[in-house]
Amino acid sequence: MTAGGLHKILYVEDDRDIQRIAQLALERIGGFEIKLCGSGQEALAEVGGFAPDLILLDIMLPEMDGLTILDALQRDAGTAGIPVVFMTARVQAEDVAEYRQRGALDVIFKPFDPMTLADRLREIWLTRQP
Amino acid sequence: MLLLAAVFGYVYQQRVEVDNARLRNATSVALHSAVLSIRFKLKEVLNDVRVLVELSAGSRFRPDSLKPLYRSLLKNRIGVYDQIRLLDRDGNELIRVNDENGRVQVVPDDQLQDKSDYYYFRQARTLNAGEILMSQFDLNVERGKVEVPYTPMLRFIAPVYVNDPEASGFVVINYLGTDLLQRIRKHLPDYTETLNQFWMLNDQGYWIQGPDPEKEWAFMFEDKRHLTVAYDYPELWATVRTAPERGQMFLNRGLLTYVSVHAHRLFGRGENIVYSNPNERWFLVDYLTEPQLSLRRNGLSGDLLQAFIAIALVSSLLLWWTIRSMGQRWLEQQYEKLFIDVMERIPTGVFVLDNRGQPFYMNQTAAAIVGDKLAGDFDIDALPELCQVYREGSDRLYPPAELPIVKALQGETATAYDMEIKRADQRIPIQVNAAPIKDERGRITHAVAAFSDISRLKQQQARIREEETLHRALLDSSVDAIVTIDERGLIRRINPALETMFGYNGEELLGKNVNLLMPEPYRSQHDGYLRNFLETGRSKIIGVGREVEVRCKDGSLIPCDLTITEVKLPGKHLFKGILRDIRERKRIEQMQKEFIATVSHELRTPLTAISGSLKLLANELSGEANPLANELLEIAGTNAERLILLVNDILDIEKLAAGAMKFTLEAARLSDLVGRTVAANQSYAEQHGTRFELLENTGDADVVVDKDRFVQVLTNLLSNAAKFSPPGRPVKVLSERDGDLLRVTVADQGPGIPESFKEHLFKKFAQAEHADSQRKGGTGLGLYIAKSMIERMGGRIDYESEIGRGSRFYIEIPVYHGADAKPTLSNAGTGPRILVCEDDRDVAKLLTIMLEKSGFRADTASNAAELRKMLEGQDYAAMTLDLMLPDMHWPALFEELRRNDRTRHMPVIVVSAIAEEAKHEVSVGAINIFDWLSKPIDEHRLIRAVSEASASKTQSEPRANILYLDDDRAQARKIVALLQHRADVVVSRSVGDANRLLSERSFHLIIVSMNLPNISELSLHPEDDNGLRPIPVMVVSGENNAQKILFEVQQISRKSQYNDESLVATIQRLIRSNAK
């Protein structure tokens, strides 16, 4: 991970509508390169090849939830260094505290504003530990 | 004894109609006691006569020497005797002393009269020595004429013999008839207030006292001789003259009771009385007129009084018996009268049998209860049948052998509660106490039984039993567990629900300490709580209720609502606890909570898509000139936002519940907030056909709030008011200042809120659950959120409502006085340092703001662990303390503070929502609590308490570093111990060591002992580390040689001059003077 910046984002989301909105927000408005995944398995399969700068993870996913994916990513030395940001509708304070404690770089609440999502991610990106 | 027998005999002999038995008895006894009273008085007169006879004879009949004697006797008998005279043997008065209107007059010799013609003198001449003549009861006659006003008179005459076969003269005492009549009247009812009449007739049937004064004493007048009783009431006279000594008859429908008194029966034979009229006889008549009779009949209801009176009576009877046997006549008379009075008036029946089992006495109450069945000779075994005495609740006659009075005749003291007397088809339950009466030698002479009508008692008992049964049934059928404990905490009673709920059976619990139902730590604390309550009467649970966990037999815990009621009974102090299993409620609450979380998530997902799409679409279309599309997009966007807000609302509740809601407190002008909110919601009001009218007079008052949250709360109140207002009725919004409080009121003219709904109003889902009929949309969460939020901002919310008139919701929040709106961080001020211990950050911040603008420095600790750390690192002038810290129960925290020397005396200001409750649970003096403040926080009170507290603390402040230089170890130890609460003392035993310490660190004070060698080598810099001020030095010395010291010394003292207190005081003074 060079200090170059945020370009490639792996986005995991099972809801197709939200997937689409986020894609538009990140690609068209944010100008990022996006890899969309509909499930945890897909994400773990794709992450090596895509080599994202950041992974944006939904929490409530069928079969494998966001936290499980995070664990898997952290166990794999090849992916352990990739910052993970959760984007979730589960916004209870205690949940959020847990996400951070488990290693999420930050948490974005749904509903999110597609017009500012990209900027938000850039801000978060800057706070990562090198 | 005879006398008593006569009394009882008199009373008892009567056999008359049932209805009048009681009256007759009462009157007879009254009349008879009147007779007794007369008799005693007349005996006194006879005695006086005899005394006079003796003295007159002894003085050899010399009038001059006798006059003073006569005079003094009369003086002692004013109102009783009219005259006392001495006549010579021819009837001439030798001495005459008169009662002239209360003054004794000795009549001069020239006014003395010749009485030889008077009938009583003529009769007296025939008297033998020792005999006394009693005249007729008639009127006084002076010089041949009846004295006016009438003076009724009884004269007693006795001859005086002085060594002579013929009487030398006569002693005459005129006994006033008025005294006699008064004595009678005294024993009768007070006729002035009743329609009773007292009549008195003589043996000829003439009125002595009667209804018509004109007809009284008619026999004294030639022209009235025909006016006897027979003239008016021939039937009365016909009855009375031939009747035995007492009787009763109806006269003009009134009841007439009479006693006849034969004069010759008044006195015993030994008295030697001769009567002017051998037939002298008086009829004493009590006439109860018809109206009075009915009145009495109506009032004839046996007042059920304390049954124990009966026992008292038995003993008084015994006492009377004892006293009687002492043979003291005076006492005898008094008691006799008292006894009869008491007996006849008490509402308890008294019945006396002699030792042959024959009736001896019965008072009027007894007569009223048993009727007139017990009279004459009778067989005691027949008593149950005669009086219809039954065993309670059965048709069997009471066995005679078990009658208390029968037992009493055998020497037992017996009681029966199971008797019923049948009267006119009614069973009257009675209670009987009986006891034997014994003479001096222990022989049973009589048996007395006291009995009372206990119908009311029985009824009450039945009612109590019924209630008890009902109560018991309620307890038994209750689904709540109920446990009753005594003041030692031991279980006295449980209901079946308790057994099934917690898996115990009765024997395992009864008599055991109730704490076995409790988990730790309550288990070990319970006895203490109970003791504390019994000592102080203070509890935070009794009458309040709380949630507890109950330990089941299998060790599992069941959450329960516990309500405790204190039950105080004579000699008993019980506590009743009702436990309601709330597992189901808890489960529902949990489900509800999860439901909210899930719903909020599920709603957010589509909302994310909708609002995201709309924003992107708006972005796509932003360049295009399609106004309608843009307008529609805006509408869709706004409503999507509103939906998001609603979801947020739901979530707010969870956040509030979790204490996770963030409040950004800052000072804000209330009028701005209110004005802005009203303006923003005006269109909402219009949608509901109403409008908001703002009346604002708070001026430039500020509050410290989270502005967004405050606006959210006010918006909620406004939208509620708009929703519930009838169209066209404006909602008034009023903000006003009330002292240190600002109040914003939102008043609608809607339907109002029913009183029954009041307690639910600020709860979750209030509207949804309880006001279906008026449902106006909304989540039912708004007021709950509003209340929680406003309380977190230090305010309160409440309402007043009147059905049909509308509701007034108001928010109260303290005025923020600081000019500086921005809170400053600690270390800002220079004033005393205060520790704010408060787990809610926003409240902590509020407290900090309040303290700092009053010049205090405030540090915060958010839990007990932090508190400990802060207290170690820093000394505080005072501390504000929240009682609900997340990591420690406050009682334990208090205990910790108390055990620590550094905090035991630290002033504490409790600032807590549970301050009021906790206040009652703290034992006095545990720690130094200065004040108890509830939330919302009253800023003035807080500042005042903190100021006072810190001032009190400053007196022993600051904690200083002291260097103590002495080679006397014992002395050093003493100083360290003495100062341990106030200062850290470093002990050094040599000047070299002290110099090293002084170079390493700074001290507030150096104490030096003059005994130390090389003291002049002490290297004291003239200034301390900060280069500001010399360190004060205190020299303590055995000798007064301090002048040799080379450095500045502020205090020289001899060790011997000091006691501990003054030493400490001096040290503190030095430290403080240095600090200034």
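Here is a short chat about chains A and B of this predicted model.

Me: Which pattern does chain A follow when read along the sequence?
Reply: Start with the parts: chain A has 5 helices and 5 strands. Reading along the sequence gives their order, and that order is β-α-β-α-β-α-β-α-β-α.

Me: How much of chain A is made up of buried residues?
Reply: A residue counts as buried when its relative accessible area is under 20%. Chain A has 130 residues, and the buried share of them is 52%.

Me: What is the area buried between chain A and chain B?
Reply: On the contact side, 20 residues of chain A touch 19 residues of chain B. Carbon and sulfur atoms give 72% of the area buried between the two chains. The buried area itself is about 1700 Å².

Me: Which side chains meet in a salt bridge at 3.8 Å, N to O, between chain A and chain B?
Reply: Side chains of opposite charge can pair when their charged atoms come close. The count between these two chains is 2 salt bridges. One of them, at 3.8 Å from N to O, joins A:D113 and B:K615.

Me: Which element gives the largest share of the side of chain A that touches chain B?
Reply: Two helices of chain A, α1 (16-29) and α4 (93-102), each supply at least two residues of that side. The largest share is 6 residues, and it comes from α1(A).

Me: How many nonpolar residues does that side of chain A have?
Reply: Sorted by class, the side of chain A that touches chain B has 1 polar and 7 charged residues. The nonpolar count there is 12.

Me: How many residues apart in sequence are the parts that B:D109 and B:K67 tie together?
Reply: The side chains of B:D109 and B:K67 meet in a salt bridge of 3.0 Å, N to O. B:D109 lies in the loop between β3 (103-106) and α4 (119-124) of chain B, while B:K67 lies in helix α3 (residues 63-75) of chain B, so the parts they tie together are apart in sequence by 42 residues.

Me: Is B:D480 buried or exposed?
Reply: B:D480 forms a salt bridge with B:R580, with the closest N and O atoms 2.6 Å apart. The pair spans 100 residues, from the loop between α15 (455-477) and β22 (481-485) to strand β26 (residues 572-581) of chain B. B:R580 is partly exposed at 47% relative accessibility. B:D480 has a relative accessible area of 10%, and the cut-off is under 20%, so B:D480 counts as buried.

How values were computed:
Residues are numbered from 1 along each chain as its sequence is written. Chains are lettered from A and ligands numbered from 1 in the order in which they are written. This is a predicted model: local features need pLDDT of at least 70, side-chain atom pairs count only at pLDDT 80 or more; totals for chains, interfaces and linings use all residues. Side-chain values use heavy atoms; hydrogens and water are left out. Contact means heavy atoms within 4.5 Å. Buried area is the accessible area (1.4 Å probe) that two parts lose on being put together, summed over both. A salt bridge is a side-chain nitrogen of Lys or Arg within 4 Å of a carboxyl oxygen of Asp or Glu. Helices (H or I, at least four residues) and strands (E, at least two) are DSSP runs, numbered from the N terminus. Ala, Val, Leu, Ile, Met, Phe, Trp, Tyr, Cys and Pro count as nonpolar, Asp, Glu, Lys and Arg as charged, and the others, Gly among them, as polar. Buried means under 20% relative accessible area, exposed over 50%, partly exposed in between (1.4 Å probe, protein chains only).
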